[in-house]
Amino acid sequence: MTAMKVLVDATSVPADRGGVGRYVDGLLAALSEFKDEIELSVVCQRTDSERYLELASGAQVVAAPPAVARRAARLAWEQTGLPILAQELGVDVLHSPHYTSPLRANCPMTVTVHDATFFTERSHYDKAKGAFFRSAIKTSLRRAARVIVPSKATRDELVRLLDANGDTIDVAYHGVDSQAFHVPSDAEKERVAARLGLTDTDYVAFLGVMEPRKNVPNLVRGWALAVSDMPNPPALVLAGGSGHDDEIDEAVAQVPHNLKVVRPGYLRYTDLPGYLGGARVAAYPSYGEGFGLPIVEAMGCGAPVLTTPRLSVPEVGGDAVLYTGEEPEQIAAGLTEVLTDDQLRSKMSQLGIERAREFTWEASAQAHLETWRRVVGT
């Protein structure tokens with residue numbers, strides 16, 4: 001059988017290795033195990049060339065022009081330089097992993113649409129960003145040979161909201177890197193706690209971009225309600241990118257003086273197991289997720305997880321997480337239940353570890369391959 005030639009455009013991967021970065025990295029590493037079925041090429045930012053040469057063993061790695069480090073230039077190059085590169089490489093399929101793709105190319109295109117919250121949670125996005133991605137999603141649904149989504153919930157929302165053809169939308173769940181997101185040792189937990197200034201203090205963990213959809217202000221308020229009367233109240237740690245949610249600062253400013261909020265920004269990738277696994281509970285009261293990668297990664301690290309039953313989360317979290325509402329009082333009730341019940345936390349931790357093992361990048365890569373086979377007719 002002749003191997004398919006596939007070009008993956010990784011130029012949209014940010015330097016901080018957030019959600020899209022973990023998706024692309026995990027997928028490309030897993031695809032390198034299917035050398036008999038796929039002849040893989042990757043185009044990326046120059047700063048990522050060595051990374052992908054190592055991750056995507058055996059793949060041809062092409063460095064894009066330096067200008068693509070700027071978003072506007074990358075989007076322009078995507079429409080002009082990327083189709084030319086695909087033609088030069090003679091690929092059978094061009095895959096765009098982050099919503100957008102060229103309007104025209106000389107080969108079939110597939111696109112990953114990560115979620116439909118740009119339509120369901122419009123008020124939680126900057127107007128310009130929301131309008132751009134809504135347009136990009138509609139264009140991808142029209143022009144791509146097939147669209148890949150990370151959950152059935154996302155597929156169903158695209159069908160419901162945009163009258164998309166569900167027969168051309170394939171589900172490929174994300175995976176969890178079990179080596180990177182593992183149950184941490186006591187030493188790993190202690191090292192991270194020391195860096196956070198929490199050597200003798202328990203904490204509630206949040207990890208993600210501080211954008212309105214993540215509902216961080218209500219998490220702050222709910223946590224304060226839950227722990228204010230505890231004799232040794234756990235701190236709240238808000239780790240991740242700054243985003244554009246100004247309401248977080250307002251919520252933090254109202255926290256009683258006897259409570260501690262820590263905002264370390266981005267944590268080192270190697271610190272994430274110790275951070276998540278060392279938390280008394282990891283809280284993600286999101287208004288909606290296309291998959292919920294931080295939730296599964298926290299489960300993989302053994303953290304009890306409190307989250308909301310919105311969109312894809314029940315599909316991913318199953319019975320391994322505790323569900324709450326989005327309002328502060330509801331979040332407070334959920335946190336109180338988990339924080340005060342040692343037996344419940346232990347049970348949730350074990351269930352989460354087992355649940356996280358069900359999501360692998362190998363299975364995700366296999367699902368992508370099946371999509372590309374449909375596209376090229378093999």
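This is a predicted model: local features need pLDDT of at least 70, side-chain atom pairs count only at pLDDT 80 or more; totals for chains, interfaces and linings use all residues.

1. Residues are numbered from 1 along each chain as its sequence is written, and side-chain values use heavy atoms, with hydrogens and water left out.

2. Taking a salt bridge as a side-chain nitrogen of Lys or Arg within 4 Å of a carboxyl oxygen of Asp or Glu, the count comes to 22 salt bridges. One of them joins Asp 170 to Arg 146, with the closest N and O atoms 2.7 Å apart. This pair links distant parts of the chain, Asp 170 lying in strand S7 (residues 169–171) and Arg 146 in strand S6 (residues 146–149), 24 residues apart; helices (H or I, at least four residues) and strands (E, at least two) are DSSP runs, numbered from the N terminus. Asp 170 is buried at a relative accessible area of 9%, and Arg 146 is buried as well, at 14%, where buried means under 20% relative accessible area, exposed over 50% and partly exposed in between (1.4 Å probe, protein chains only).

3. A salt bridge also forms between Arg 310 and Glu 326, whose closest N and O atoms are 2.7 Å apart. Arg 310 sits in the loop between strand S12 (305–307) and helix H12 (313–317), and Glu 326 in the loop between strand S13 (322–323) and helix H13 (328–339), so the pair ties together parts that are 16 residues apart in sequence. Here Arg 310 is partly exposed, with a relative accessible area of 25%, whereas Glu 326 is buried at 17%.

4. Arg 191, Arg 195, Arg 268 and Asp 271 are linked in a network of salt bridges. Within it, the side chains of Arg 268 and Asp 271 meet at 3.4 Å, N to O; Arg 268 is partly exposed at 47% relative accessibility, but Asp 271 is buried at 6%.

5. In helix H6 (residues 152–162), the buried residues are Ala 153, Thr 154, Glu 157 and Leu 158. They cover an arc of only 135 degrees around the axis, which puts them on the same side of H6, the arc being that of the directions from the helix axis to the C-beta atoms. These buried residues pack against helix H4 (117–120), helix H5 (127–143), S6, S7 and H12, contact meaning heavy atoms within 4.5 Å. Just after H6, Asp 163 takes a positive phi of about 55 degrees.

6. A nonpolar core is a set of buried Ala, Val, Leu, Ile, Met, Phe, Trp, Tyr and Cys residues joined through side-chain atoms within 4.5 Å. The largest has 62 residues, of which Trp 223, Leu 238, Tyr 275, Tyr 284 and Leu 335 touch the most other members, and its largest share, seven residues, comes from helix H8 (residues 216–227). A second, separate core of 27 residues includes Ala 10, Leu 31, Tyr 52 and Trp 372.

7. The axes of H13 and helix H14 (residues 342–356) come within 6 Å and cross at roughly 95 degrees, which makes H13 roughly perpendicular to H14 (65 to 115 degrees, with under 35 roughly parallel, over 145 roughly antiparallel and the rest oblique). Axes are lines fitted to C-alpha atoms, for helices over the stretch in contact, and angles run from 0 to 180 degrees between N-to-C directions. Glu 337, Val 338 and Leu 339 in H13 meet Leu 344, Arg 345 and Met 348 in H14.
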